[in-house]
Amino acid sequence: MTDKQIAHVEEQLIKFIDQVIEKRNATTAEVEALPAVAHALADITAESNCAAQGSPADAGLATSVQSDAAPACSDLPAFDYSGLTDRTVATLHSAENMIRTAHRDYVIKVADAVGMAHDELSSSENRTTSHSNQYTEDTFMGCDGWEISAHANSAPDHEPIQGKQYSDADYIALNNSLVRRIGTLNCGHAAFPIMLGVSSPQYTPEELQKFRDDNAAGIDYQGKHYTGYEATQLQRRIEESMRRQKRRILVDETTGDKEKLQTDQIRYVRLKDEYARFSKAAGLRTQVERAEVSGFGPKQGRAAAAENKAVEKLANSMYSGDTESNVSEYIHDRNAYISKYPTSDSRYFNAYKELKNIGIKKGVLLPAVQKQAFILPSGKRDPNHILKRMLERNITDDEVRSYMENARVMFAQWGGARQAFYGTDGVSVIAKDDGNWLYKTVWKKEDFDEETDLILEVLSKYGL
Ligand SMILES: [Zn+2]
């Protein structure tokens, strides 16, 4: 079924609901037609399922994806992502998948709604009290007014009118005068038909006053006052932030940027904690379903929690503040390190930081980058130092070079003009001399001192 056909079903449905609500009548034929509508929607759902299978793992194969992912769904537009970065393409693919899934979820919900409407209208109770095709009229017979529902923590613009009864004409005039009409923009209010002077209001004036008083009393949270309504709005904003953060995590998963993923996971866990903390302080029920994002399941939630815990442990071993500020400092410093040294990653920063904390300052710890270097006398103070070391320690030319070739890391010193290569079998140090790299000193495994052993131990601890 095409989007156009779906739109048509939707239009029919809205027209039908309109009739029931506004004109207060619906024919038996219309009610009887509902199962067919629900059936048609179920077919759409089945079709939409195939569209939701396009996997985010396809990211990067932009042009070939469209044909493979959803062969049965011919109404999907073809996108051309050529010339965009991998991350942008991955983000766009995630967005595409979300739209497909949202579309499917939407259709499922419409189908459910149609089924629900049918069940209600055709229930035996309605049938026994109805006369032929006019049962809906009966249901609302004699109604000549409206009552606006009421709830705690109402928005200020609807608070003065909630729980009150109006005649048809007054209600229409009132609704037309409102900037936000009743029942729009998730306002939480609804109007239901009543018989003026017969139907007693759901809430007494005292109860409505209590809603207002409680709303105004609100809560104090972290030194700030919130009315009940403002608290619900803040809760909505936190939910929105959680959704945004979840979407970021899904994109990070497809791009494979570990540090970005971890940073977003920690942000997400913090938002989640803040959501629980604030809701509890405000006496508001948490509604996790409001923060749902399709594709983000328990697996992603658990991974984020585990990552957050691991980073808390690590950050507490490196910094001396409270856990939250330690984590913030760690993420800040680590990300700054990696953006300054893009070839490095968390392992280099973690080992660098731990070495620094135990007093070993050998320079900036980085992935080893091979250089063409020479074994030659150099410098004024001790020109033959390298040759003497090789002789004393019984190290060959080949060994000097192999220590660099097999290095696990290097320490960049003097702004990079001097570099120490650390490996399991030995250490070689080179320096720039008139534009050439020259070996300055060297030592082998058998001569490692306590400090060198400690450095290698820390490297192992972080997988280097
Ligand atoms: Zn409202």
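How many bridges pair β10 with strand β11, and in which sense do the two strands run? The legends below take up this question and others. The structure is a predicted model, in which local features need pLDDT of at least 70 and side-chain atom pairs count only at pLDDT 80 or more, whereas totals for chains, interfaces and linings use all residues. Residues are numbered from 1 along each chain as its sequence is written.

**View 1. Strands β10 and β11.** Strand β11 (residues 436-444) pairs with β10 in the antiparallel sense over eight bridges, where strands count as paired if DSSP finds at least two bridges between them. Within this pairing, Ala 431 stands opposite Leu 438 in β11. Helices (H or I, at least four residues) and strands (E, at least two) are DSSP runs, numbered from the N terminus.

**View 2. Strand β9 and its two partners.** On one side, β9 pairs with strand β8 (residues 409-413) in the antiparallel sense over five bridges, and Gln 413 stands opposite Arg 418 in β9. These two strands form a hairpin with four residues between them, and Trp 414 in the turn has a positive phi of about 50°. With strand β10 (residues 426-433), β9 again pairs in the antiparallel sense over five bridges; here Ala 420 has Val 429 in β10 as its bridge partner, and a hairpin of three residues joins β9 to β10. Four of the five residues of β9 (residues 418-422) are buried, so the strand is largely enclosed by the rest of the structure. A residue is called buried if 20 or more other C-beta atoms lie within 10 Å of its own, exposed if 12 or fewer, and partly exposed in between, with C-beta atoms placed from the backbone.

**View 3. The open sheet.** Six strands form an open sheet of mixed pairing, in the order β6-β8-β9-β10-β11-β7. At its edges stand β6 (364-366) and β7 (373-374), each with a single partner strand, so one side of each is left without a neighbour in the sheet.

**View 4. The two sides of helix α12.** Helix α12 (residues 323-340) has 18 residues. Its buried residues are Asn 326, Val 327, Tyr 330, Arg 334 and Tyr 337. Seen down the helix axis, these fall within an arc of 105°, so they line one face of α12; the arc is that of the directions from the helix axis to the C-beta atoms. On the other side of α12, the exposed residues include Glu 324, His 332 and Lys 340.

Terms used: The expected span of a helix is 1.5 Å times one less than its number of residues.
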